[in-house]
Amino acid sequence: MNNNIIELSDLSFSYGENQIFNKSNLSIKKNSFSLICGPNGAGKTTLLKLMMGLLKADCGTININQEDIGYVPQALNFDKEFPISVFEFVLLGALDKLSWLGRYSKKDKREADKLIHKMGLCHKKYKPIYTLSLGQLQRLLIANALLKQPSILLLDEPTASLDKESATQIFQQLIEIKKNTTILLITHQPPEDLSAIDRVIYIHKEIQDLDAEEICRHYPLGLSHGKGGVDHD
Ligand SMILES: Nc1ncnc2c1ncn2[C@@H]1O[C@H](COP(=O)(O)OP(=O)(O)OP(=O)(O)O)[C@@H](O)[C@H]1O
Ligand SMILES: [Mg+2]
């Protein structure tokens, strides 16, 4: 599969009559950082769910050259109503590494601590997750996914409810792990500094794979320079 870690070929997917993808193609290089952008309802979340195997393509193929995928779901869609603490939830990221006694290793607990600290959740460590605000829940979901140190990390609007400073911090943390991680991140607010971003996958009826520089500064208004010129929503 050459240097590509993810390859979609002739991918089609519909929810009933609502066609989302029609023979779309996309290749993602190993250890690249891609933003996934596009208007509401375009199919960004659907694309990640197809990659995760949570949805099945109607036709076409999805090849993923790695098994350990971390997924940060869209926080608004996440049901946080179970009685589990912040610390326990972050540790769930290491569930597949449990000892035969069913215990987490000291190393995983230390890592979980570090991530809770990095995400600014220390004061919530032993609190149930339903006590978190939306922004805190987003940080929690990121910490949970990072604990696993996945080869591929898929994030669905992880900065949507974060203030600007927190969003920048999250981008910085992702850039730190980029050396060993292929990152695909859905966002409606691209960072101001696009230098660490390799590709922008723009979804709107089709999937366009663009250079980060091709994305116009007006993007948040719904304008982008696609391969075929300027595209107005
Ligand atoms: N489970 C479902 N059943 C039927 N239709 C769905 C389902 N999930 C999503 N859709 C529809 O599919 C389209 C794509 O949805 P998706 O959630 O992938 O969009 P999105 O690009 O992630 O949007 P947003 O920016 O609002 O998160 C939308 O029209 C949505 O209404
Ligand atoms: Mg979505």
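Reader: What makes the pair between asparagine 18 and ligand 1 a polar contact?

Author: A polar side-chain atom of asparagine 18 lies 3.5 Å from an oxygen atom of ligand 1. A polar contact is a pair of N or O atoms within 3.5 Å (within protein, one must be able to donate a hydrogen and the other to accept it, and residues adjacent in sequence count only if both atoms are side-chain atoms). The pair therefore counts, at 3.5 Å. This is a predicted model, in which local features need pLDDT of at least 70 and side-chain atom pairs count only at pLDDT 80 or more, while totals for chains, interfaces and linings use all residues. Residues are numbered from 1 along each chain as its sequence is written, chains are lettered from A and ligands numbered from 1 in the order in which they are written, and side-chain values use heavy atoms, leaving out hydrogens and water.

Reader: Which atoms of glycine 43 and histidine 188 lie by an oxygen atom of ligand 1?

Author: For glycine 43 a polar backbone atom is 2.9 Å from an oxygen atom of ligand 1. For histidine 188 a polar side-chain atom lies 3.0 Å from an oxygen atom of ligand 1.

Reader: Which element gives the largest share of the shell around ligand 1?

Author: Helix H1 does, with 3 residues. Helices (H or I, at least four residues) and strands (E, at least two) are DSSP runs, numbered from the N terminus.

Reader: What makes Thr45 and Gln74 donors of the magnesium ion?

Author: Donors are N, O and S atoms within 2.8 Å of the metal (3.2 Å for Na, K and Ca); water is not among the atoms, so sites may look incomplete. Thr45 (OG1) and Gln74 (OE1) lie 2.0 to 2.7 Å from the magnesium ion, ligand 2, and therefore qualify. Threonine 45 is in helix H1 and glutamine 74 in the loop between strand E5 (69–72) and helix H2 (86–91), 29 residues apart.

Reader: What makes a set of residues a nonpolar core?

Author: Such a core is a set of buried Ala, Val, Leu, Ile, Met, Phe, Trp, Tyr and Cys residues joined through side-chain atoms within 4.5 Å. The largest one has 42 residues, and Phe33 and Leu35 are among those that touch the most other members. H4 gives the most to this core, with 8 residues.

Conventions: Buried < 20%, exposed > 50% of the residue type's maximum accessible area, 1.4 Å probe, protein only.
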